[in-house]
Amino acid sequence: MTVRVLIVDDQALFREALATLLEVQPEIDVVGEAANGEEAVRLCAELRPDVALMDLRMPVLDGIAATARLRAEQPGVRVLALTTFDDDEDVFAALRAGAVGYLLKDVSSTRLVEALVAAQRGESVLQPSVAAKLVARVARLPAETPRPSATPLSDRELEVVRLLADGRSNREIAKTLFLAEGTVKNLVTSVLSKLQVRDRTQAALRAKELGLF
């Protein structure tokens, strides 16, 4: 099953180069290109892509505002931010708006394809530097009302959640731990359940909150 992707970037040359790169990947079907957020929202309604690969700083309507509109109007479209910038405000604004992941434009093609496939499944995909920013911000937050205790994680699950916090995909975790990718998927599901969270990003934050790494 291929991932239907809409490329959103205000630089025509970058869009064309990225489309050329992705179209040769058997897992990816590039269904369209948009030059700004307003065009992206319109094309998502017409083309129904699985993932919008979204730049953030664009004219007419920026990527963060477009992401928020897509979450409200086209919740079936996953937004994966792909940008040059990793400053804190861009990162947190994009994730608050509803992006399922955040990558920088120096990402490898292999990592990008893995991220698009993961985003289609609803997984959070974060550049390691971005994951570190999230963990650091949580560490600076004031203490909140204690949450119910999480079910203890096994040693293997602890290894998985630490790699999640580094922004690793299931495939990368599988290679690191010498496991089958299906086994890693099951471990991630177990981690989410035990930590009482909905996604990988929340799992990393919850694990940090519990002092698991």
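**Helix packing and ring contacts**

In this predicted model, helix α7 (residues 155-165) and helix α8 (residues 170-177) cross at roughly 130°, their axes coming within 10 Å of one another. Since angles over 145 degrees would count as roughly antiparallel and those from 65 to 115 as roughly perpendicular, α7 and α8 are therefore oblique to each other, and their crossing is right-handed. On the α7 side the contact involves R156, E159, V160, L163 and L164, which meet I173, T176 and L177 of α8. By class, this contact of α7 with α8 comprises five nonpolar residues, one polar residue and two charged residues.

A further packed pair is formed by helix α2 (residues 37-47) and helix α3 (residues 63-73), whose axes lie 9 Å apart at an angle of about 20°. Because this angle falls under 35 degrees, α2 and α3 are roughly parallel to each other, and α2 passes α3 in a right-handed crossing. The contact is built from G37, E38, V41 and C44 on α2, together with A66, R69, L70 and E73 on α3. Of the residues in the contact of α2 with α3, four are nonpolar, one is polar and three are charged.

With regard to aromatic side chains, the structure contains zero aromatic pairs.

Notes: Residues numbered from 1 in each chain as written. Predicted model: local features only at pLDDT ≥ 70, side-chain atom pairs only at ≥ 80, totals over all residues. Heavy atoms only, no water. Phe/Tyr/Trp six-rings, centres within 6.5 Å; stacked < 30°, edge-to-face > 60°. Axes fitted to C-alpha atoms, helices over the stretch in contact; angles between N-to-C directions. Helix = DSSP H or I, 4+ residues; strand = E, 2+ residues; numbered from the N terminus. Left-handed = near helix turned anticlockwise from the far one by under 90°. Contact = heavy atoms within 4.5 Å. Nonpolar A, V, L, I, M, F, W, Y, C, P; charged D, E, K, R; others polar.
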